[in-house]
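Please open the model in a viewer and keep the selection tool at hand.

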Amino acid sequence: MTVPASIPRGLSRAVVVAGAATAVGVAPGIPGFEGAVMPTGALFGFGWPAFGIVGALLLDRDSRSRLGWSCAALAVLPAVVVAVALASGGDPSRWARVEHAWTGLGVAPVVVAFAVIAWGLDRPADRMSRRRLVWLVVWSAGFVTAALLAAAGGGPRVAATVEALGAAAMAGVVFRLATVRELRPVDEPVLDAAVAVLTLLAGAGAGTAVRAVGQRAGLPGVDVSGVFAAVVAAALVLPAALWLRRALLSRRYGRGTLSPADVEQITADLHAEADVRALLSKAAAMIAAASGHRRVEIVIGPDAPEPPGHWVLYPLIVAGTRAGTVFLEPRHPEGPEPWQERVVRQLLPTVALMARAVSLAVEADHARRDVARHRDAERARILGDLHDGIGPVLAGMSLRVRAELRRSPTPLLEALAAELAGCRGDLRRVVSGLTPSVLDDTDLSTALARLVGTFTGQGPSVTLDDRLETPLAAPVTVAVYRTVAEGLTNALRHARAARVAVAVRATPGGRVLVEVHDDGAGGPINPGVGLSSLRRRAEELGGTLDVAAGPDGTRLRLELPA
C-alpha cells in the first residue's frame, strides 16, 4: 500500500511573516482613529500597509518571491517612521512629531519604495518583463509628480492624503503587474489617450467657434448653442477616431477574426479546376490577415523543417500524425504577442485538416500519374508486339497475295489484297493512336495535321480547326492526339460519315477543348476499349470525355486542364 505524501496545511511561514509586517505597519495608525478626524501624521502612513497584503498574496504563490518580500518590507515603513519620530523628541505632541518626520522625508519614501519594488521585479530579460518595468516607471513618475504637487500647493494634509491613496493604489498596481500574464505596449494607452484628446479638442473647437459666431451676431443662448455644437462635433469625430485606432491596431495585430468578406476576397480566384495546392497559400493568407503576421507559409509533410531566422513554427497535427507545418514571421523579433498566438492556435485545427486534405489530394495525383506511366509502359509493350509481330506478318501476307495476284489474278485474290491493305492501314492508325512517339519529332499541331492527312482518300472528308497558341503539358498533348485519332477511326469504321470536323482550341479558363464531329448515322453509343481507356485517362488528368449521338451525327468532346 502506498502512503500518500503529507499535504501542507494552513499558512506558510512567508505568509505569516507578511501578515505580521502588515499588522506592524497598521499598528501606529490605530490610535489616530480615536478622534473625529485622523491626524495628519497618521494619515501619511495609512496606505503603506496595503503593500503587506500584496506581499502576503505574492508569497502565498511563491514563498521565495523577491517582490513579495520587498512588499512585506514596505508595509513596515509607517512603524519605522513613527518609531524614529517618537525617539527624536521635540514637540510634545506625538502626532505633530510624526507629521514633521513625514514632511521632512518628502517624496524620499516614495522613491525608495519604487527602487525596492524595481529590485524585486524580474529582470527585463523578455518583452513582458520590460513592459512591467516600464509600467512601473510610468506609475512611479505619476505618483512622485502627484506627491510633489500636493506638497507644494496643498499643504501637509493634502500631501498626506495623496501619499496614502497613492501608496494603496501603487500596491494594487504592483500586484497587477506581478500576476498578469499579458501586458499591452505602452504606446497603446497613449493611442487611447490621443483618441480621447482628439475627440475633446474637436468638440471644444466646434463649441468655441459656434459660441464666438453667435456672440458676434448677437444671437441669444450662445452658451447653449456652443455646448450643443461641442457635443455634436464630438459625437461625429468619435467614430472616425475609433476607426483610426482599430485600423492601427489591426495593422499591428491583425483583425483577430475573418469576416465573410475577407474569406471571399482571399478565395476569389479559386475554382473547381484550380490546383489543390493553391489552398495552402489561401490558408496562409487567412492566418496572416487574422493574426497580423508579416509572412505566413505552410508546408505539408511529416518532417519538421528548421524555421528561418526568428520565424515561429507550429505543427499541424491530425489524429496524432503531423500533416504539415505553419511558419510565421512575426513583426516583433521576440515573437508574436500572446493574443496573436491565441488567434493562430484557434485556426490551427482547421488549417491542419486542410493540409491533410491537400496532402491526400497530392498523393492521389501522384498515384494517378504512376498509373498513367504504367499504362504507357503497357501500351509501349503492346505497340512493340503489334509493330514487330502482327505488322510484319500482315506485310508478308500482303506481298505474297500481290505476287500471286500478278501471276494468276482472280476476284478472290483481288478482294483479299484489298482487305489486307485495309488491315494494314487500320494497324497503322491503331499504332499511331497508341504511341506518343509521333509527337517526339514535332509539335501537336503538325502531328494532328499528319494524322488527318492519313485519312485522305479513305472515305470521309476531314477538316482540322487548330487554334492552339501555347504548348500543352506532355500528358495533355498525348491525350489530345489519341482522342482525335480514336474519334477519326470510329467515324471511319462505324458512322459512315461523309464529313468529319476536328476542332482543337484553348478556353479562357485555362482549359483545352477537343471536338470530333461527324455527320454520320449516329445511333446508340457502346463505348469500347478505346473510348473507355480515353475516358479514364481524361479523368486522371482532371478532365472529362463525352460522346453523344444525335440527328446531326456523333460528337466526341474532350476537355482537359491545359
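Begin by selecting Leu136 and Ser140: a polar atom of the Ser140 side chain lies 2.5 Å from the backbone oxygen of Leu136. The model is a predicted one. Ser140 belongs to helix α8, which spans residues 127-153. Its relative accessibility is 10%, below the 20% cut-off, so Ser140 counts as buried.

Turn next to the aromatic rings. Three aromatic pairs are found in a search of the whole structure. Select Phe44 and Trp102, which form a stacked pair with 5.8 Å from centre to centre and 10° between the planes. This pair links distant parts of the chain: Phe44 sits in helix α2 (residues 40-44) and Trp102 in helix α6 (residues 94-105), 58 residues apart. Phe44 is buried at 3% relative accessibility, and Trp102 is buried as well, with a relative accessible area of 1%.

Now select Phe114 and Phe143, another aromatic pair. Their arrangement is edge-to-face, with 5.9 Å between the centres and 90° between the planes. Here too distant parts of the chain are linked, Phe114 lying in helix α7 (residues 108-120) and Phe143 in helix α8, 29 residues apart. Phe114 is buried, with a relative accessible area of 8%; Phe143 is likewise buried, with a value of 8%.

Over the face of which residue does Arg66 lie? Arg66 is placed over the face of Trp119, at 5.0 Å from the ring centre.

Terms used. Residues are numbered from 1 along each chain as its sequence is written. This is a predicted model: local features need pLDDT of at least 70, side-chain atom pairs count only at pLDDT 80 or more; totals for chains, interfaces and linings use all residues. Side-chain values use heavy atoms; hydrogens and water are left out. Helices (H or I, at least four residues) and strands (E, at least two) are DSSP runs, numbered from the N terminus. Buried means under 20% relative accessible area, exposed over 50%, partly exposed in between (1.4 Å probe, protein chains only). A polar contact is a pair of N or O atoms within 3.5 Å; within protein, one must be able to donate a hydrogen and the other to accept it, and residues adjacent in sequence count only if both atoms are side-chain atoms. Rings of Phe, Tyr and Trp (its six-membered ring) pair if their centres lie within 6.5 Å; planes under 30 degrees apart count as stacked, over 60 as edge-to-face and the rest as tilted. A charge sits over a ring if NZ of Lys or CZ of Arg is within 6 Å of the ring centre and within 35 degrees of the ring normal.
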